[in-house]
Amino acid sequence: MKPFSKSWILDWLGGLGRIGILVEEAFGSLFRRTVEWRDFFYQLYFVGVKSQSVVLVTGAFTGMVLCAQTFFQFHKVKMDTATLAVVSVSMCSELGPVLTGLMVAGRVGAAFAAEIGTMRVTEQIDALRTLATHPVDYLVMPRLLAGFIALPLLTAESITVGILAGYGVGVYLLGIDPAYCWSNMIHFTHDVDVCIGLIKAFIYGGLVALIGCYKGMTCGEGAEGVGRATTEAVVYSSIAILITNFFLTLFLTQLFKP
Amino acid sequence: MIEVRDLKKNFGTQKVLDGVNLRIESGESVVIIGRSGGGKSVLLKQLIGLNKPDSGEVLIDGQDIVPMNERQLLEVRRKFGMLFQGAALFDSMTVAQNVAFPLRRDRSLTAKDIAGKVAEALDVVELPGTENKKPSELSGGMKKRVGLARAIIYEPQIVLYDEPTTGLDPVVSDSIDKLIIRVRDHLKVTSVVVTHDMRSARRVGQRILYLLDKKIYVSGTPEEIFASTDPKVRKFIDGVADPKEHHTF
């Protein structure tokens, strides 16, 4: 084996080990009840409330374009009234959680990595440690919990707005019959689709927060280190969401629709 | 009491500390001097467990902190206060929130008690009335004072100072030195100061340790060190560069 590939594998395994330790510390902090709750509520506001505009715009326009594109294809085979059913199922189980996760990764994952990374290079994390405060309790756990809670809520919003926007485009712009369109959507969309979407969102919330915090906590020295950590947080979170989505789709579908 | 035995630390292939031994008694004021990049700050961080050594022992009141995990170290660190080189104030917080930070978990204190303690700590560092300022509104010297107020508000037994006068003008440096002496005498704390500012070392140290070639080369009172005829010590005190170092520019 070449030395380069050997060191790459060792670095990769080392990184996985460090993430594992961070997760263990984070959940230990939850059970020890040493989480900083005030900071948790602030992070919930930052992740949840402050991400609304970007998530709502993404959800609405995704629903609209999906509706238009589906209509153009279905219209050829006279299945116009099934358009909103496709929009609804896609938004619930795939597009809602994935696109919300990606948008939050860009906004929140980057912010976590930059903020914690800057604290690291300016010795603020060392200062926390000297003040008898565990950085995982103070910095990681509030963000992780906020990610877990905020993302399913944002996803639910995104799904709702996407379906309503798709309905608006389908009915008022493309002329689909509203009663059949709505009835087909209700008929083909099951509780399980919504459940799968929200479970995915819960997991993506944790992934985005964990990768953002991890990249910040382990960032290199100086402005370059912070810049690289921020970029990597967004790239790795996005890739993690896309890869995890495939396996979650297979697993959750098997679980809920055997 | 702080005792370090045969401490070794490498960063990759670079040896930084190679067999450091030292002992600091309670209430003593010790200054560690040495070249920039010579491992002084690394040594200071080992004393509070911010870095782990590759081998050796660090005993705080007889307890070896090297094998401890981060959670166990948090308990030991309650004995310490530390002033960082860049002050390391939390930039999202005001001065008052920074200084009150160590007290936030103490449920026996009311908001009024905490405000009183913050005002008292800011008085000690001669910065009254700055509670609502942000760190970005403060000068370098003021930041260090706030950092010191934060480090002493919970009355630690040991205060560590990492380059407290670096980057400050001589007048502000003098005021920081006086503050270090005042904190030492007022709170009866053990002080460990890392610096390469010889004026500051002479003023605040009861004993000076010279870190050279990854070890403590010499230890003595400021008078002994400044009167030393050892060429290596004299070179550092007089600030004479090695002729070889000129050629590197």
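A definition before anything else: two strands count as paired if DSSP finds at least two bridges between them. Keep in mind too that this is a predicted model.

With that, take strand E7 of chain B, residues 158–162, and strand E8 of chain B, residues 190–195, which pair in the parallel sense over five bridges. To give one bridge from that pair, Leu160(B) has Val192(B) in E8(B) as its partner.

Helix H1 of chain B, residues 40–47, packs on the sheet. H1 touches E7, E8, strand E3 (29–34) and strand E9 (207–212) of chain B, and its direction makes about 155 degrees with that of E8(B).

Now the whole sheet. In chain B the order is E6-E7-E8-E3-E9-E10: six strands, an open sheet, mixed pairing. Which strands stand at the edges? They are E6 (80–83) and E10 (215–220) of chain B; each has a single partner strand, so one side of each is left without a neighbour in the sheet. From one strand to the next, the twist averages 20 degrees.

E9(B) and E10(B) form a hairpin with two residues between the strands, where Asp213(B) takes a positive phi near 50 degrees.

On to the helix. H4 of chain B covers residues 111–124, which is 14 residues. From first C-alpha to last it reaches 20 Å, close to the 20 Å expected at 1.5 Å a residue.

Which residues of H4(B) are buried? Lys117(B), Val118(B), Ala121(B) and Leu122(B). They cover an arc of only 135 degrees around the axis, which puts them on the same side of H4(B). The general point is that an α-helix has 3.6 residues a turn, so residues three or four places apart point the same way.

What do the buried residues of H4(B) pack against? Their neighbours are helix H3 (95–100) and helix H5 (140–152) of chain B. The other side of H4(B) has Lys112(B), Asp113(B), Gly116(B) and Asp123(B), which are exposed.

Last item: just after H4(B), Glu126(B) takes a positive phi of about 60 degrees.

Methods. Residues are numbered from 1 along each chain as its sequence is written. Chains are lettered from A and ligands numbered from 1 in the order in which they are written. This is a predicted model: local features need pLDDT of at least 70, side-chain atom pairs count only at pLDDT 80 or more; totals for chains, interfaces and linings use all residues. Helices (H or I, at least four residues) and strands (E, at least two) are DSSP runs, numbered from the N terminus. Axes are lines fitted to C-alpha atoms, for helices over the stretch in contact, and angles run from 0 to 180 degrees between N-to-C directions. Two residues are in contact if their C-beta atoms, placed from the backbone, lie within 7 Å. The expected span of a helix is 1.5 Å times one less than its number of residues. A residue is buried if 20 or more other C-beta atoms lie within 10 Å of its own, exposed if 12 or fewer, and partly exposed in between; C-beta atoms are placed from the backbone. The arc is that of the directions from the helix axis to the C-beta atoms.
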